[in-house]
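The tour goes stop by stop.

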Amino acid sequence: MQRRKFIRNAAAASAAFSIVPSHVLGKTHIPPSDTLYVAGFGVGGRGNSVINGLNDTGRVKFVAFCDVDDRRAQQTHEQFPDVKRYKDFRKVFDAHLGDIDAIAVASPDHTHATISLPFMREKKHAYVEKPLTHNIYEARLMTQVAKEQGIVTQMGNQGASSDGSRIAREWVESGIIGKVHTIDCWTNRPVWPQGVPLPTEKDRIPKGLDWDLWLGPAKMRDYNDAYLPFKWRGFWDFGTGALGDMGCHIMETPFSVLDLGYPTEAEASCTTVWVDDFVEADYSHSCPPSSKIHLKFEHEEHGDIALNWYDGGLKPDLPDELKDDETIGDSGGGSIFYGDKGILICDTYSRNARLLPSEMMDLYKSPAPKYDRVPGGIDGHFANFVDGCQNGTPTSSNFEKAGRLTETVLMGNLAVKAYQYKELKEGKKLGDWDPYGFPGRRKLFWDGDNMKITNYDKANEWVTRDYRDGWELK
């Protein structure tokens, strides 16, 4: 089916859709209360872990696997040889819409919304890897559709199911660190190249890869080995950089602890890349090698909260209360909450909540658990989704929460793009000393309800994207 016809038909079907038990339709599979029938999209690499995580629940049966790259999907195909295989998600829609209860999407960031939305509009539950989407508009749309259709959703940021974020929330709500005014978050990412030139050579497309389908909504270009299998994360057309990769894991902690809303301000500073003596590169198509981002939130209880993000080897200041043999976070990153009475630290995925000075841990009596724990914690994230689909159990990272978190992460990237944006100064040419002006290097003011930067209109172009003809979202 052609893409335009596919979208039109999906929208029409959605308008008239009603939930009918599978056995009424003459299907032979067991109703969803016993087994969840799932189609997987992007089943290689990280997708293989998603498929295995769902399979380990013992309550999922896979109907179809869809991956544009046979090489990446090979391991999954070998593990599940009887599952039907596809390259084009639209063919799964045409062939198996009536056979599935849910989808699991672990394709590259730029195709999450493209693949998910048609199925979501047909009331199929959705598990989608982090970040939920590639841009803010897509995150808002995914959130709205999930709410309208009343489906069960879960983003793949496993720390949201951890005991750690619930413990940290209970501690903060007990008042042990007082009112929170500043939060520092950081990651060891990127662990792939960033701040690099746009590939210009045309490499041979590997056997088994459908390059056109891999590009999806992104602009057509020649295939180059510099994009795959993982380095696409460092190019804005496909990925969302270090912040997009890990922000939904690490910033999940303050979001869960403080129930943050949309940020009101964002600003960034990034590494400058030099290609020769006194010659600055213009690699604005690539995420920077490192960045520091400042977000501001207004909180009813705590007042103004500053959230600072660091990546690419940058780290926040060490608290004065930290002893020489103590560390902040773990090797992957972490978060620090500064309150007017004390400090709380968590590792990546909300692990290992602890207070500073560390003597507080011996003096503080933790409050009784207030928030329900997810059985298995982080390891129970997939089962939590299956429980939601089968039993109505609340999921840890439903799209109402995950969409807001993703929008905040991508708001930070909006500030990064504004910082990177260059304009030649009048009378200057490429190769001159100091040729660029930087109109976006400012504090951006964000109207979250209306998805709009109010003081730098250029940045509003990045709230969404230019979709390749035939791949527009509806």
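Helices (H or I, at least four residues) and strands (E, at least two) are DSSP runs, numbered from the N terminus. The model is predicted.

**Stop 1: the annotated domain**

Select residues 41–156. The UniProt annotation, from an unreviewed entry, reads "domain: Gfo/Idh/MocA-like oxidoreductase N-terminal" for residues 41–156.

**Stop 2: a helix pair**

Show α5, residues 112–120, together with α6. α6 covers 136–149. The axes of α5 and α6 are 10 Å apart and meet at an angle of about 15°. Angles under 35 degrees count as roughly parallel, so α5 and α6 are roughly parallel to each other. Their crossing is left-handed.

From α5, display A113, S116, L117 and M120. From α6, display E138, L141, M142, V145, A146 and Q149. Colour the contact of α5 with α6 by residue class: seven nonpolar, two polar and one charged.

**Stop 3: two cis peptide bonds**

Most peptide bonds are trans. Which residues does the cis bond with omega of about -20° join? Select K130 and P131, the pair on either side of that bond. P131 sits in the loop that runs between β5 (125–129) and α6 (136–149).

Move on to L228 and P229. The peptide bond from L228 to P229 is also cis, with omega near 5°. Where is P229? Look in the loop between α8 (211–215) and α9 (241–250).

**Stop 4: two positive phi values**

Most residues other than glycine have a negative phi. Select F278. This non-glycine residue has a positive phi, near 65°. The loop that holds F278 lies between β9 (274–276) and β10 (279–280). Is F278 buried or exposed? The cut-off for exposed is over 50% relative accessible area. F278 has 62%, so F278 is exposed.

Finish at N352. Its phi is positive as well, near 55°. Find N352 in the loop between β14 (343–347) and β15 (354–356). Partly exposed means between the buried limit of under 20% and the exposed limit of over 50%. The relative accessibility of N352 is 46%, so N352 counts as partly exposed.

Key. Residues are numbered from 1 along each chain as its sequence is written. This is a predicted model: local features need pLDDT of at least 70, side-chain atom pairs count only at pLDDT 80 or more; totals for chains, interfaces and linings use all residues. Side-chain values use heavy atoms; hydrogens and water are left out. Buried means under 20% relative accessible area, exposed over 50%, partly exposed in between (1.4 Å probe, protein chains only). Axes are lines fitted to C-alpha atoms, for helices over the stretch in contact, and angles run from 0 to 180 degrees between N-to-C directions. Angles under 35 degrees count as roughly parallel, over 145 as roughly antiparallel, 65 to 115 as roughly perpendicular and the rest as oblique. A crossing is left-handed if the near helix is turned anticlockwise from the far one by less than a right angle, and right-handed if clockwise. Contact means heavy atoms within 4.5 Å. Ala, Val, Leu, Ile, Met, Phe, Trp, Tyr, Cys and Pro count as nonpolar, Asp, Glu, Lys and Arg as charged, and the others, Gly among them, as polar. UniProt positions are given in the numbering used here, feature names are shortened, and annotations may be inferred rather than shown by experiment.
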